[in-house]
Amino acid sequence: MTGNHKDKSISRRRAIAVTGGTVAAGGLAVAGYQSAFADTADATTEASATASATSTSSECMTLMTSVTEGPYYLDGALVRKDITEGKSGVPLTLRLTVVDATDGCTPVSGAAVEIWHCDAWGYYSGYTTANPGGSAPAESEDGSTANDNTYLRGYQIANENGVVKFETIFPGWYTPRTCHIHLKVHTGGEKEDGTYEGGKVNYTGQLFFPDDVAEEIFTLEPYSQHSGTYTELADDMVYDGGGTSSGLLTLKAVHKKDPSKGYKGSITLGVDPDAESTGAGGGGGGTPPSGAPTGEPPTDSASASASASS
């Protein structure tokens, strides 16, 4: 079972006439999203959890090593919690905690965390005609009304505990990479016209998923419509086998017996707020797609209207 989670506040793509098979591929149950995206922790619980996470010496002593931003980065992502835009897939709630690894892992309040990743078939917004490898339907056949330049991209600003939360879907895969999410941690800038401006990038990284979870997800619709050879963690060109310090997420199933209901992923990011990352870190990241993006980053007016409902 799959379904759509729509953000009606952003600009929409063309209406698509879909076949019955495409409609079947499009739908994650709304109840699954509500369960996966429920935020039941109050401020006290969150503060306690953050204090517990940041007091663990094994996490605090490790400075995350920046890796390549890859070939699919775009400027101008929107500040918003829900980045799905109606894209279908297994719900994924991310809880990321940013701490200063050079100062006892104190929370980095106000840090802007930016993430971006591919959809269930391996397509990135801005590059919707770039072949994900293997055999997959065209991105335009997914049946969603997502904006081709903005889906599955966004910023969140860390609270006083250094925590940000995103609502998204489990990423698909593309050749030759394993399943992953890209991220950057920015400081020193500010929210402006619906996006984040100024400051500097302190960390460029990627988040990874255990092979057994990813492979189970990829048997479900709409992921199963993308066939081909999936790259496992041990064979990935970016993941170095370091576990949490290398970006491996801790995942918890919303319903253990039904992976289609979604997952909650978490990790603590140990960064140096005084450092600056160029986005040219280790790992190849895959072959850049040919040609320019299939559109422009969002305009200020589009960004402002979208972020108003975040």
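## Overall make-up

The chain exposes about 12600 Å², and carbon and sulfur atoms supply 50% of that area. The model is a predicted one. Its secondary structure comes to 6 helices and 9 strands. The chain has 310 residues, of which 53% count as buried.

Contacts in the chain can also be sorted by separation along the sequence. Among those between residues at least 6 apart, 82% join residues at least 24 apart.

## Salt bridges across the chain

Side chains of opposite charge can pair when their charged atoms come close. In this structure the count comes to 7 salt bridges. One of them is formed by Lys184 and Glu69, with the closest N and O atoms 2.6 Å apart. This pair links distant parts of the chain: Lys184 is in strand S6, while Glu69 is in the loop between helix H4 (57–60) and strand S1 (91–100), and 115 residues separate the two. Both Lys184 and Glu69 are buried.

Another salt bridge joins the side chains of Glu167 and Lys81, at 3.8 Å from N to O. Here too distant parts of the chain are linked, since Glu167 belongs to strand S5 and Lys81 to the loop between H4 and S1, 86 residues apart. Glu167 has a relative accessible area of 12% and is therefore buried. Lys81 has a relative accessible area of 24%, so Lys81 counts as partly exposed.

Asp119 is in the loop between strand S3 (112–116) and strand S4 (153–157), whereas Lys87 is in the loop between H4 and S1; the two are 32 residues apart and link distant parts of the chain. Asp119 and Lys87 are both buried. Salt bridges with shared partners join Lys87, Asp119, Glu139 and Asp142 into one network.

## Gly172 and its contacts

Gly172 lies in the loop between strand S5 (163–169) and strand S6 (180–192). Gly172 counts as buried because its relative accessibility is 2%. Leaving aside residues up to four places away in sequence, Gly172 touches Cys118, Asp119, Ala120, Cys179, Phe218 and Tyr223.

Gly172 and His117 are 55 residues apart along the chain, and their C-alpha atoms are separated by 8.6 Å.

## Cysteines

A disulfide is a covalent bond between the sulfur atoms of two cysteines. The structure holds 0 disulfides. Cys179 is in none, and the nearest cysteine sulfur, that of Cys118, is 6.8 Å away. The cut-off for a disulfide is a pair of cysteine sulfur atoms within 2.5 Å.

With a relative accessibility of 0%, Cys179 counts as buried. Cys105 is also buried, and its relative accessible area is 2%.

## Asp236 in its loop

Asp236 is found in the loop between helix H5 (211–217) and strand S8 (250–253). Asp236 has 7% relative accessibility and so counts as buried.

The side chain of Asp236 takes part in a polar contact of 2.8 Å with the side chain of Arg177. The Asp236 side chain also reaches the backbone nitrogen of Val238, at 3.0 Å. Not counting residues up to four places away in sequence, Asp236 touches Pro176, Arg177, Thr178, Phe208 and Thr231.

Conventions
Residues numbered from 1 in each chain as written. Predicted model: local features only at pLDDT ≥ 70, side-chain atom pairs only at ≥ 80, totals over all residues. Heavy atoms only, no water. Helix = DSSP H or I, 4+ residues; strand = E, 2+ residues; numbered from the N terminus. Buried < 20%, exposed > 50% of the residue type's maximum accessible area, 1.4 Å probe, protein only. Polar contact = N/O pair within 3.5 Å; in protein donor to acceptor, adjacent residues only side chain to side chain. Contact = heavy atoms within 4.5 Å. Areas by Shrake-Rupley, 256 points an atom, 1.4 Å probe, with all protein chains shown as cover. Salt bridge = Lys/Arg side-chain N within 4 Å of Asp/Glu carboxyl O.
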